[in-house]
Amino acid sequence: MMRRNIALIPAAGVGARFGAGKPKQYVEINGKTVLQHTIEIFEQHSRIDLIAVILSPEDSVFQTALSEKVHVFRVGGASRAETVRNGVSVLLAQGLAEVQDNILVHDAARCCLPAEALTRLLDEAGESDEGGILAIPVADTLKRSDGNYHIDETVARAGLWQAQTPQLFQTALLHRALSVDNLSAITDEASAVEKLGIRPRLVQGDTRNLKLTLPQDEYIVRLLLKAV
């Protein structure tokens, strides 16, 4: 049975670390919000069939012209994992996703994802039962803190990868991985799937796929979007 590709964008966060006085997905760059830029990446990709934007029920900021490809659901939860779980559940309940379809969960604040990286993920993980994520090998030397701002040890970086998004999994697998009582230990979708004993594929990501997290990131994001 043919798999469709559904992008799921959790956008229910408050962006506390960014400190802009509003959720970071609503920071305006080049005349559009970060979230608008992110949605357009998937709108413009021919292999994405549907886009689900998951907002907080209390969100009063979201305003954007949407194509028929985009569906908005106000079912966001208290955490990213809960928001994604709610989003997957509503897609299934409304018949917008079948169990064999791929769901690509992507951070709302990663608005510079190159189309070629998205294509690479679809090519290398789109038919995989284990799914896969974009990631890049760790390039910097890593230090473990002693908890008091001193170096405790240098951590070998061989074999370490930095996870990015999208993270791609079949709907049934992602739904099962997130259907647990305690979501507190789940930091991304891959970590939930790993708890089932499954090893998702690592697909080469892109350093331009930057997540807007801290105020200084905005300068780089502005440069990247201007270069597109």
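Arg47 lies in the loop that links α1 (34-43) and β4. Keep in mind that the model is predicted.

**Exercise 1.** Work out whether Arg47 is buried, exposed or partly exposed.

*Solution.* Start with the relative accessibility of Arg47, which is 33%. Buried would need under 20% and exposed over 50%. Arg47 therefore counts as partly exposed.

**Exercise 2.** Find what Arg47 touches, skipping residues up to four places away in sequence.

*Solution.* First, list the contacts: Asn5, Thr119, Leu122 and Asp123. Next, check Asp123 for a polar contact: its side chain pairs with that of Arg47 at 2.8 Å.

**Exercise 3.** Take the largest nonpolar core and say which residues touch the most other members.

*Solution.* This core has 28 residues, and Leu91, Ile103 and Leu174 come out on top. Now ask where the members come from: β1 (5-11), β4 (50-55), α2 (80-93), β6 (102-105), β7 (132-137), α4 (171-178) and α5 (189-194) each give at least two residues. The largest share, five residues, belongs to α2.

**Exercise 4.** List the contacts of Leu91, again leaving out residues up to four places away in sequence.

*Solution.* Leu91 touches Ile6, Leu8, Leu50, Ala52, Phe73, Leu96, Ala97 and Ile103. Then look beyond this core: a second, separate one holds 25 residues, among them Ala7, Ile9, Leu35 and Leu168. As background, nonpolar side chains in soluble globular proteins tend to be buried together.

Terms used:
Residues numbered from 1 in each chain as written. Predicted model: local features only at pLDDT ≥ 70, side-chain atom pairs only at ≥ 80, totals over all residues. Heavy atoms only, no water. Core = buried A, V, L, I, M, F, W, Y, C linked by side-chain atoms within 4.5 Å. Buried < 20%, exposed > 50% of the residue type's maximum accessible area, 1.4 Å probe, protein only. Helix = DSSP H or I, 4+ residues; strand = E, 2+ residues; numbered from the N terminus. Contact = heavy atoms within 4.5 Å. Polar contact = N/O pair within 3.5 Å; in protein donor to acceptor, adjacent residues only side chain to side chain.
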